[in-house]
Amino acid sequence: MKNKFLHLFTGLVLLAFATSCGEKNETEVRNYRIVGNTIVFDEPQRLEGQKSVLQFTVDPIENVRIGFIGLGMRGPDAVDRMTYIDGVTVNALCDIEPDRVEKVQTDILEAKGLPRAAAYTGREAWKELCQRDDIDLVYICTDWKNHVPMAVYAMQHGKHVAVEVPAATSIEECWQLVDVAEQTQRHCMMLENCCYDFFELTALNLAQQGLLGELIHGEGAYIHNLEPFWHEYYENWRLDFNQSHSGDVYPTHGLGPLCQAFNIHRGDRMKTLVAMGTPSYNGKKIAKEMMGVDDFANGDITTTMIQTEKGKTLLIEHDVYTYRPYNRLYQLTGTEGFANKYPIEGFTLLEEKLPAGFLAEGQHLNPHAFVPADVRDKVLSEYLHPIAKEIEKKAKEVGGHGGMDFIMDYRLIYCLQHGLPLDQDVYDAAEWSCLGELTAASIANGGMPVAMPDFTRGDWNIVQGYKHAE
Ligand SMILES: NC(=O)c1ccc[n+]([C@@H]2O[C@H](COP(=O)([O-])OP(=O)(O)OC[C@H]3O[C@@H](n4cnc5c(N)ncnc54)[C@H](O)[C@@H]3O)[C@@H](O)[C@H]2O)c1
């Protein structure tokens, strides 16, 4: 609330200043200003007593006690995956619907011979779960609008938080997550599972070992026709959200792994974006059928370009409506190499960057083509990231999008058990989630550039290079 007043006050002061100076190109619009040709959102000051959580750690938590909120399509699998990790106890379960809680108790916990967890049902019961004193981590798998209120309340009640994607739905919510994590000194990790897919991890490893040269451009996307799922979301929350929000409302699967490879807030930062959206055709049609409405804010395809402080570029796409094969793009272009995940996995590499003896006798690489299949397979196995190598077999057995979901949960628990910084911090959660409102603002202003907020408040260049803590 304080922040809101601060924004309003700053906006009014600037408006008065602009008017008194006779500047015609600075105007107060909603919660952002237009300065020259750029949209600028207000950045609240860090309050006294609040301190950065960059590289944040807490004492090792030997046995991580978890309370889960939201047991729809996603939540129960998360509970199941956690039962495969040593030193984890499922202490509480919560959903609005009692039968969803009961199904997890019987089909997962009892079926594995584990004790039943404390059960919370109804719309407000999650608060009681957060108040328990036998929970270390609150794991949130609800609809998007509940993420921030639940995460904030949990942190304010001393809990660490893991929250599904996107962590927040507006710039104000992004700041709230950052501010409360800094005020309470708690972990807040967004559960961006695509950072743990095998190809993404291998490509990250190649980049970190210099095989791609200097990374200069990346592409990522969420292209997934959700037609089979629209009817499954609880009380139609997802279509309902998209109906009233333009922009890239689900950006993190494409953006997260790129930000790790490009060392975002670890030596570089996303500085400016521009976004464009198509009209809505298919979204409008499904909304008419399911909601009886004629308007639909979310364009069928939203495309965003981001430029970093160092001048590098990222291209992000969102399309959950058209008939295209599932695609997250995931491309890294460096000065000396290239990695591409969809629709086919491949690399372009320079011979001289590979270790001696890596290629077969007399084998040569064409720098204008993907490496041959045998070299690609050897790269995929020999350059598999150490964090995936360590747990690959178990991850593939337990599953969750082919194993990446398990690696994510395993890493979260490993870092908590060893008192390490988490792989994704609250600044990542804010930076990757903020695209929603920023892209909507750019689209509303004809593709105008938007200055991306610095959620680290100037600390983006302190840590040099993204690393998984060991
Ligand atoms: N990372 C991934 O690959 C991935 C995949 C699917 C979904 N997700 C994310 O997971 C989240 C959940 O998606 P879903 O597909 O399971 O949706 P869903 O509609 O199937 O499930 C949401 C659940 O939250 C519960 N819920 C809502 N409000 C609640 C409240 N006040 N208290 C307790 N429970 C409440 C609902 O009852 C429902 O069971 C979303 O954020 C989504 O974006 C991520």
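## Tyr 233 and its loop

Tyr 233 is partly exposed, with 16 other C-beta atoms within 10 Å; a residue counts as buried if 20 or more other C-beta atoms lie within 10 Å of its own, as exposed if 12 or fewer do, and as partly exposed in between, with C-beta atoms placed from the backbone. This tyrosine belongs to the loop between β10 and α8. Helices (H or I, at least four residues) and strands (E, at least two) are DSSP runs, numbered from the N terminus.

Glu 235 is found in the loop between β10 (215-223) and α8 (237-244). Glu 235 is not a glycine, yet its phi is positive, at about 50°. It is exposed, with 8 other C-beta atoms within 10 Å.

## Basis of the model

The structure is a predicted model, in which local features need pLDDT of at least 70, side-chain atom pairs count only at pLDDT 80 or more, and totals for chains, interfaces and linings use all residues. Residues are numbered from 1 along each chain as its sequence is written.

## Overall form

The protein has 16 helices and 17 strands. Its radius of gyration is 23 Å, close to the 23 Å that the globule rule gives for 470 residues, so the protein is as compact as a globular protein of that length. The radius is taken over C-alpha atoms, and the globule rule is 2.2 Å times the number of residues to the power 0.38. Along the principal axes, the C-alpha atoms fill a box of roughly 75 × 60 × 50 Å.

Of the 470 residues, 46% count as buried. Two residues are in contact if their C-beta atoms, placed from the backbone, lie within 7 Å. Among contacts between residues at least 6 apart in sequence, 74% join residues at least 24 apart.

## The shell around the ligand

The ligand is surrounded by 27 residues, of which the closest are Gly 70, Gly 72, Met 73, Arg 74 and Tyr 234. A residue is near a molecule if its C-beta atom, placed from the backbone, lies within 6 Å of it. By class, the shell holds 13 nonpolar, six polar and eight charged residues. Ala, Val, Leu, Ile, Met, Phe, Trp, Tyr, Cys and Pro count as nonpolar, Asp, Glu, Lys and Arg as charged, and the others, Gly among them, as polar.

Domain 2 (64-164) and domain 3 (195-385 + 427-451) both give residues to this shell, so the ligand lies between them; the domain bounds come from an automatic or database domain assignment. At least two residues of the shell are supplied by β5 (88-95), and at least two by α5 (144-156).

## Helix α5

The buried residues of α5 are Trp 144, His 147, Val 148, Met 150, Ala 151, Val 152, Ala 154 and Met 155. An α-helix has 3.6 residues a turn, so residues three or four places apart point the same way. After α5 comes Gly 158, whose phi is positive, near 80°.

## Strand β10 and its partners

Seven of the nine residues of β10 are buried, so that the strand is mostly covered. Two strands pair if DSSP finds at least two bridges between them. With β14 (residues 331-334), β10 pairs in the antiparallel sense over four bridges, and Leu 215 stands opposite Gly 334 there.

With β13 (residues 313-319), β10 pairs in the parallel sense over seven bridges. The bridge partner of Ile 223 in β13 is Asp 319.

## Backbone features in loops

Two cis peptide bonds may be described here. One runs from Val 165 to Pro 166, with omega near -20°, and Pro 166 is found in the loop between β8 (160-163) and α6 (171-184). Another joins Tyr 342 and Pro 343, with omega about -5°; Pro 343 is placed in the loop between β15 (337-340) and β16 (346-349).

Gln 185, in the loop between α6 and β9 (188-190), has a positive phi of about 55° although it is not a glycine. Gln 185 counts as partly exposed, with 13 C-beta neighbours inside 10 Å.

## Met 408

Met 408 is placed in helix α14 (residues 404-417) and is buried, with 26 other C-beta atoms within 10 Å. Residues up to four places away in sequence aside, Met 408 touches Leu 191, Asn 193 and Tyr 196. Met 408 and Cys 195 are 213 residues apart in sequence and 8.0 Å apart in space, C-alpha to C-alpha.
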